[in-house]
Amino acid sequence: MVDQWPPDAKFQMGDYAAKKGRASWRGRIVGWYRTDLTKLGYAIESYFEPGSVQIYPETAIDAWKPPVLERE
């Protein structure tokens, strides 16, 4: 069973986000979760380390814009 994307979500699947604060994790949202302690959180796949995923509560991330890649 796959749940629908939460209607109260600040971010959507595929949005780019970054961890707030001193930790540096930036990437694309690939999923979401809820727990008794976390109202809403997201799985974020690293932009710089594809395949690596971290989870963070919604309150711990901000929108992020990936760098523009230079063309040769």
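Figure 1. Reading from the N terminus, the elements go β-β-β-β-β. This is a predicted model, where local features need pLDDT of at least 70 and side-chain atom pairs count only at pLDDT 80 or more, while totals for chains, interfaces and linings use all residues. Residues are numbered from 1 along each chain as its sequence is written, and side-chain values use heavy atoms, with hydrogens and water left out. Along the principal axes, the C-alpha atoms fill a box of roughly 45 × 30 × 20 Å. The protein exposes about 5500 Å², with carbon and sulfur atoms supplying 51% of that area (Shrake-Rupley method, 1.4 Å probe; for residues, only the protein chains shown count as cover). Of the 72 residues, 31% count as buried; that label means under 20% relative accessible area, exposed means over 50%, and partly exposed is what lies in between (1.4 Å probe, protein chains only). Take contacts, meaning heavy atoms within 4.5 Å: among those between residues at least 6 apart in sequence, 39% join residues at least 24 apart.

**Figure 2. The five strands make an open sheet in the order S4-S3-S2-S1-S5, with antiparallel pairing.** Two strands pair if DSSP finds at least two bridges between them. As background, strands of a sheet pair through backbone hydrogen bonds, either parallel or antiparallel. S4 and S5 sit at the edges with a single partner strand each, so one side of each has no neighbour in the sheet. From one strand to the next the twist averages 45 degrees, using axes that are lines fitted to C-alpha atoms (for helices over the stretch in contact) and angles from 0 to 180 degrees between N-to-C directions.

**Figure 3. Strand S3 is mostly covered, with five of its six residues buried.** On one side, S3 runs antiparallel to S2, and six bridges join the two. Look for Arg 28 here, which stands opposite Glu 45 in S3. S3 also pairs with S4, again in the antiparallel sense, over five bridges. Tyr 42 has Tyr 56 in S4 as its bridge partner. The hairpin of S3 and S4 has six residues between the strands, and Gly 51 in that hairpin takes a positive phi near 100 degrees.

**Figure 4. Thr 38 sits in the loop between strand S2 (26-33) and strand S3 (41-46).** Is Thr 38 buried or exposed? Its relative accessibility is 15%, so Thr 38 counts as buried. Leaving out neighbours within four places in sequence, Thr 38 is in contact with Tyr 33 and Pro 57.

**Figure 5. The largest nonpolar core has eleven residues.** Such a core is a set of buried Ala, Val, Leu, Ile, Met, Phe, Trp, Tyr and Cys residues joined through side-chain atoms within 4.5 Å. The members are Ala 9, Phe 11, Ala 17, Trp 25, Ile 29, Leu 40, Tyr 42, Ile 44, Tyr 56, Ala 60 and Ile 61. In soluble globular proteins, nonpolar side chains tend to be buried together. Zoom in on Ala 60: not counting residues up to four places away in sequence, it touches Ala 18, Lys 19 and Lys 20.

**Figure 6. Ring pairs link Tyr 16, Tyr 47, Phe 48 and Trp 64 into a cluster.** Rings of Phe, Tyr and Trp (its six-membered ring) pair if their centres lie within 6.5 Å; planes under 30 degrees apart count as stacked, over 60 as edge-to-face and the rest as tilted. A search of the whole structure turns up seven aromatic pairs. In one of them, the ring centres of Tyr 16 and Trp 64 are 6.1 Å apart with planes at 65 degrees, so this pair is edge-to-face. The pair spans 48 residues, from Tyr 16 in strand S1 (residues 16-19) to Trp 64 in the segment after strand S5 (61-63). Tyr 16 is partly exposed at 30% relative accessibility, whereas Trp 64 is buried at 18%. Tyr 47 and Trp 64 also form an edge-to-face pair, 5.4 Å centre to centre with 75 degrees between the planes. Tyr 47 lies in the loop between S3 and strand S4 (53-57), 17 residues from Trp 64, and counts as partly exposed at 26% relative accessibility.

Key:
Helix = DSSP H or I, 4+ residues; strand = E, 2+ residues; numbered from the N terminus.
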